[in-house]
Every structure is written in C-alpha cells, then in structure tokens.
Amino acid sequence: MCSDAGKRMVRGGSCTSDDGVKVEIVFGLVPYDSDTNVQIQRIIVHPKFNSSSNENDIALIELLNSPKATFDRSIPICLPVTPEQRNNNYDSLYMSTSIQVKFFSPINASYLNNRDCRRKYAQDGLNVSLERKQFCAERTDPSEGNGLDCYRLPAGTPLLQVKRYGNTSKYMLRGFNLFRQMCPPTKPSVFIDINEYIDWILYHMRYKDFTKVVEVKKITVHPDFTHFPRRHDVALIRFRNPLDLTNWESTIRPICMPWTESIRTHVPLSLALSTSDFIVSGSRQLRQLNSNSCQQRFLEHGYFINHQSISLCAVHSDEERQRPVSVVPGAPIQALQKIKGQNRYFLRGLQHYYQYNATSIRDGNVYIPYLFTDIYPELNWILESIRFAPRNNLLYRTVHHSASELGIDVSILESDQVNLMPIQHTANGRLFNYGACGAETPVNISNQATNSIFPWYGTINSRRCAVTLISEWYLVSLAACLYNYTGKIKFGNDGKEQLLTIEKVLIHPEFDYRLNRFTGIALALLSNPVIFNGINPRPICLPIADEVRSPGYKRSNLITVGYLRNHGGLLAAIVGDRYTDVNNCQNPIGSVRERNALSSTMCIYTPPLNIGERYDQYKGSPMFNVAIINGMKRHFLRGFAVYAISNDNHDSDIPVNYVDIENYLDWITNH
C-alpha cells in the first residue's frame with residue numbers, strides 16, 4: 001500500500017503540539033514552489049508517547065485535503081502492510097535528505113547495531129537510550145560533510161528501503177529520524193522502526209478507507225456444529241449484495257480457498273494469523289502442532305483442553321517469539337503458498353471460540369497455543385452450500401403468487417406476519433366501491449414490464465411523483481407531492497394517456513414541508529368523478545373492510561412498483577426477502593425530526609435487475625398486496641415510497657423507505 005491516497009502523514013510525536021497555533025504542512029521546496037500549504041485536519045499522537053525517553057515518538061497527521069489539489073508532484077510513500085514487506089532486514093537503506101534546502105536527495109545508508117551506535121554517541125560524551133522500537137543507521141560515505149555536500153537531517157526525516165517486485169522497484173518507508181542533526185552530522189541517526197507501528201497507523205486510518213459495512217442476508221451454521229466438544233465450528237455468511245472486486249484500488253480482496261488436494265498436501269511457506277486489534281492480516285507467524293503436542297502444551301501451563309476439541313493447533317514460530325496478541329473468534333489462519341511463481345494466501349482455519357475460555361489469561365506466555373477450526377474437513381459442506389445461480393428476476397416479477405409459493409426464502413425476516421387493528425370510521429367504507437376497486441387484469445407480467453396492469457397508478461412527472469386513485473373522486477399520495485400542486489395528473493401511456501384535473505388538495509395536519517417533508521400524506525379531490533370502464537383509470541382498494549383486516553397480511557407478499565427505463569413500462573415485483581430493518585435504509589439528509597419520522601417507516605430494497613436494466617421509482621409509488629374480498633382477488637394499498645430513486649447497477653439493490661398507509665386510514669375515511 002502506498003500511503004493513503006495522499007491524505008495522511010506520519011512523523012514524530014515530538015514534532016507536534018497542541019498549543020492552539022494554526023499549523024500547515026508545506027509540500028515542495030519553498031520558496032521555489034508556490035501554493036503548497038495544506039491545512040491539517042487533526043493530529044493523532046501515539047497514546048504511549050513518552051517525551052522524556054522519546055519512546056513511541058510517532059504521530060499520524062490527517063490532512064484536510066489531498067496535497068495533489070495544489071501540488072501535483074506529491075507522491076505518497078509506500079507502507080509495508082503485508083508480512084513479506086515487513087521483514088526485519090536492513091538492506092538497501094536510503095536517507096531522504098535535503099541539500100542546502102534546494103532539493104531533496106536520497107543517499108545510501110547502512111544499519112548500525114545498538115552497541116556500536118551507543119559507542120559512537122559515547123565518544124561525544126552522550127548517552128543515547130535506544131528503545132525497543134528504535135534502531136540506528138548512518139551514511140555509507142561519511143566523508144561528505146561540508147559546504148554544498150552537507151546533508152541536514154531534520155527531525156522526522158524519512159528513512160527509505162527499496163523493495164523489488166519483479167522488474168519494478170519501490171521505496172518503502174522504513175522509519176524516520178528522531179533527532180535533528182545539523183551540518184556536518186557527526187553521529188549516527190536514531191530512527192523509529194515503522195514496522196512496529198503499521199498496525200496502529202492503519203487502525204486510525206480504517207474509518208474512511210479500510211472498512212466497508214456490508215449487510216448480511218443470511219447466516220448458515222454447519223448442521224453438525226457442537227459446542228462441547230467443539231466440532232464443525234464454521235458458518236457461511238451471505239451478503240445481500242455482492243462486493244465489487246473489480247476495483248483493484250479497493251482494500252477488500254477474497255482469500256484463496258484450498259479446493260485442490262495438491263494445495264492441501266503441499267507444505268506452506270508459512271502460517272500467518274490476523275490480530276483482533278488491527279485490520280492487517282498476517283501480523284503473527286505461527287507453526288502447526290499435532291493434537292498430542294498441543295494438549296501437552298496446554299497441560300504444561302495449567303489448562304486442560306478436551307482432545308476432541310482440538311481441530312487445528314498452532315503456536316508462535318520459533319523464529320519470531322513475539323508477544324502474544326488477542327484474536328477474535330473467526331480470525332483466519334492463512335497458509336502462504338507459491339503458485340506459478342506468486343505468493344498466495346489460502347485459508348487454513350478459523351480462530352476457535354474456545355480460545356477465550358482456555359487462554360484469555362496468557363500472561364505474556366508465547367508458548368500457549370492457539371486453537372482453530374480446521375477448514376479442510378469442512379470444504380465439501382462449504383462447496384455444497386455455495387450457490388452460483390444467476391439472479392432469477394422473473395421469480396420476483398410474478399405478482400400472482402405468494403412468496404412461499406414462489407419458493408422465496410423469507411425465514412430471515414424477524415416477523416413476516418402483520419396483524420391489523422380495526423379502524424374507527426368503518427361507516428365511511430361505503431364510500432369505496434369494492435365492485436370496481438383493485439380488480440386484477442388478465443395481463444401476465446411475469447417476464448416483461450407493462451403499463452396496463454395497474455390502472456390506479458398516476459404520475460406528476462415534473463415532481464417525479466406517483467399518485468394513487470382510491471375512489472372515483474379522490475387521489476392519495478405523499479403530501480410533498482401534492483403540496484401547492486395545481487397541475488394535472490397523468491394516467492396511462494402509449495397513446496392512451498388521460499389527464500385528471502385536481503379541484504382541491506387536503507394535507508394531513510401533521511405534515512410540515514419545512515420540518516418534515518418526507519412523511520405525511522395528502523388527498524386530492526378531482527374536479528370530475530372518474531367513470532369506471534375499460535379505458536378509464538380504476539381505483540385501488542383501501543384495506544378498511546373487516547374481512548380484509550382480520551387475517552392481516554405478510555410483508556413478503558407485498559408488491560412494489562417502479563419503471564424499467566429501457567423497457568418503457570412499469571415493473572411490479574413481489575417483496576419476498578427484500579424487506580429489511582429500517583436502520584438499513586439510506587435515509588435522506590434532513591433534520592432530526594425528519595430522521596425520526598423515517599424511523600417509523602418500512603424499509604424495502606429495490607428489486608434485483610438483469611444486466612443492462614435501469615430502474616426508476618417515483619416518490620409516492622404505491623406498495624400493495626393481493627387479498628380476497630367477496631370471493632374475488634383485489635389489490636389493497638399498503639404504503640408509499642418516501643423518495644425517488646434511480647438504480648443503474650444490476651449488482652446493487654437500493655433500500656427505500658415506505659410510509660405505512662395504516663397510520664392514515666382513519667384520517668382518509670374521515671375526510
């Protein structure tokens with residue numbers, strides 16, 4: 001990884017202060033470049049920085065803007081984020097220095113062990129204290145030292161290390177200078193070892209650049225999983241939408257799976273463990289133990305582990321002997337294999353939850369093993385459970401069947417059934433003609449978009465709004481759609497358009513366009529009644545009759561409506577498992593009151609699309625279901641889409657808030 005797209009820097013913590021003075025970073029070579037000042041957004045000093053001993057003397061600087069905006073020659077340095085990049089050798093070192101402040105020039109440097117470094121400082125009567133995460137280096141040619149060849153080393157000067165990748169060489173940050181040295185430098189330089197702080201750096205960069213929140217659609221636990229003894233401790237997590245792995249700038253990549261026997265039987269180059277505190281994998285090198293040796297190790301340190309609970313066991317490698325780290329359940333142990341000349345990480349196992357019961361108190365003992373679920377015995381189950389079937393959108397587009405009849409899995413819904421309470425103004429139900437409302441048409445929409453199936457669907461194109469006809473006199477929609485509207489309502493398409501004129505709009509009393517414009521509904525009284533025949537619009541039914549309300553309805557059987565732009569018609573799709581928690585909806589930016597109002601809405605994802613399809617949904621678009629009344633199937637209004645959306649990506653579904661009509665039925669029937 002080459003830094004952070006140019007928005008973060010590292011340097012010594014002693015170089016930063018919180019004295020209230022505005023501080024900026026200067027890029028380039030002042031005064032030869034102009035407009036190179038970049039404002040600092042925040043400075044994160046290492047929490048264990050000790051100004052007396054200079055221990056952990058490091059800080060992360062986050063810039064307000066990328067320096068590329070004003071200084072296009074700025075290039076980020078690469079950070080050694082992978083295990084193979086973070087080796088502990090000191091080959092090919094270069095000091096990035098300035099010569100008479102005219103230009104920057106890297107010069108050769110060599111590592112100096114701690115004993116020789118202290119000796120050279122002692123010759124000048126100085127006692128240098130080298131902390132564990134510090135080391136010394138000096139120029140390879142110390143004869144250069146005066147005049148124009150004097151190399152100044154300000155505090156924070158970077159030490160670079162050249163790494164080769166095939167035919168390409170890259171500079172990696174290896175450390176930075178702790179103490180300022182003037183011309184000529186007479187002593188070695190003390191450097192902070194950047195390898196020791198990569199995890200800390202990435203941890204504080206994670207929120208903007210290294211994390212992605214993904215909604216889970218379904219979790220499948222291995223059917224033979226047992227707690228005691230711990231066996232088959234593995235589960236598959238299915239995302240609602242696939243991750244975009246085509247963007248090679250992304251920090252998310254899949255690990256390789258050891259599907260072939262040759263990979264499983266081949267001895268790996270190394271085993272690497274991901275830690276829990278940071279986001280970088282492979283921060284600890286391990287070696288595998290057999291079951292007997294593993295159990296014996298635990299017994300030596302006062303722990304008894306059931307032999308049957310040992311699926312895969314590993315300890316710190318003899319070469320590393322680093323302090324143990326905490327790991328979360330499910331953390332991967334990765335086997336490094338060389339495939340066709342390239343190093344690849346393969347999943348070897350998953351951190352055992354039993355680890356916390358047995359070794360939560362490690363007392364700094366690197367000899368206590370780690371326990372994992374061996375992934376090899378679980379590969380057949382994983383392979384059988386993964387389905388690579390294409391997205392079958394025709395399933396969702398069949399509205400003449402329930403979700404269960406179509407085989408849509410709705411088991412993940414917390415509560416599919418919705419029970420309804422009686423409404424107060426039932427006497428006004430006679431105003432609605434159940435002989436004409438919500439009637440099905442014989443049009444089959446299982447494989448194409450259509451305009452004629454929903455004759456109650458009208459639009460206000462200038463506002464990207466949909467309105468719904470509920471009787472011969474009244475339309476209903478979001479208040480934001482009808483607020484101060486004096487135009488006409490369009491019904492139909494393809495040369496069969498009809499324009500209805502509004503006489504008066506009734507806004508719900510709780511609606512406030514300035515404070516809460518996303519929720520709330522309105523009724524529109526037409527200038528003339530609609531005569532129901534085979535050509536004119538027909539109303540949808542309102543769910544006010546007892547025979548409709550008493551059984552309630554299932555969320556999975558709801559139907560949403562939108563436009564397929566490239567087909568020029570409406571798309572009806574059964575909700576199925578698209579219903580989700582309201583917290584998953586991407587609420588529009590608004591006031592606190594608006595966000596609170598949206599918390600009481602329903603959240604439903606847009607229907608999946610085929611490649612090349614483009615989907616539009618107007619605000620106020622109706623959501624409804626099918627129920628039987630007087631022995632006939634009828635469509636009943638259940639809600640409205642809160643805002644308009646457009647989706648051009650067949651690999652991504654967009655969550656949309658819906659206002660529930662239940663909250664307004666009494667008001668509608670009373671008016």
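## A covered strand

Three bridges pair strand β34 (residues 632-641) with β36, and the two run in the antiparallel sense. Two strands count as paired if DSSP finds at least two bridges between them. Strands are DSSP runs of E with at least two residues, helices are runs of H or I with at least four, and both are numbered from the N terminus. The model is predicted, so local features need pLDDT of at least 70, side-chain atom pairs count only at pLDDT 80 or more, and totals for chains, interfaces and linings use all residues. Residues are numbered from 1 along each chain as its sequence is written, and side-chain values use heavy atoms, with hydrogens and water left out.

Within the pairing of β34 and β36, Gly639 stands opposite Asp660 of β36. Strand β31 (residues 602-605) also runs antiparallel to β36, joined by four bridges. Here Ile604 has Val656 as its bridge partner in β36.

How many of the residues of β36 are buried? Six of six are, so β36 (residues 655-660) is mostly covered. Buried means under 20% relative accessible area, exposed means over 50%, and partly exposed lies in between (1.4 Å probe, protein chains only). Pro655, Asn657 and Val659 point one way from the strand. Val656, Tyr658 and Asp660 point the other way. Both sets are buried.

## Helix α4

Helix α4 spans residues 291-300. Its residues Cys294, Gln295, Arg297 and Phe298 are buried. Seen down the axis of α4, the buried residues fall within an arc of 155 degrees, so they line one face of the helix. The arc is that of the directions from the helix axis to the C-beta atoms. On the other side of α4, Asn292 and Glu300 are exposed.

What happens at the start of α4? A side-chain oxygen of Asn290 comes to within 3.3 Å of the backbone nitrogen of Asn292. After α4 comes Gly302, with a positive phi near 85 degrees.

## Sulfur links

A disulfide is a pair of cysteine sulfur atoms within 2.5 Å. By this rule there are four disulfides.

| Pair | S to S | Torsion about S-S |
|---|---|---|
| Cys294 and Cys313 | 2.1 Å | about 80 degrees |
| Cys437 and Cys541 | 2.0 Å | about 90 degrees |
| Cys465 and Cys481 | 2.2 Å | -80 degrees |

Take Cys294 and Cys313, joined by a disulfide. Cys294 counts as buried at 0% relative accessibility. Cys313 is buried too, with a relative accessible area of 1%.

A disulfide also joins Cys437 to Cys541. These two are 104 residues apart, and the pair links distant parts of the chain. Cys437 sits in the loop between β20 (417-418) and β21 (457-460), and Cys541 in the loop between β26 (521-526) and α9 (546-549). The torsion is about 90 degrees, so the disulfide is right-handed. Both cysteines, Cys437 and Cys541, are buried.

Is the link of Cys465 and Cys481 left-handed or right-handed? With -80 degrees about the S-S bond, the link is left-handed. Cys465 lies in strand β22 (residues 465-469) and Cys481 in helix α8 (residues 479-482), so the pair ties together parts 16 residues apart in sequence. Cys465 and Cys481 are buried.

Methods: A polar contact is a pair of N or O atoms within 3.5 Å; within protein, one must be able to donate a hydrogen and the other to accept it, and residues adjacent in sequence count only if both atoms are side-chain atoms.
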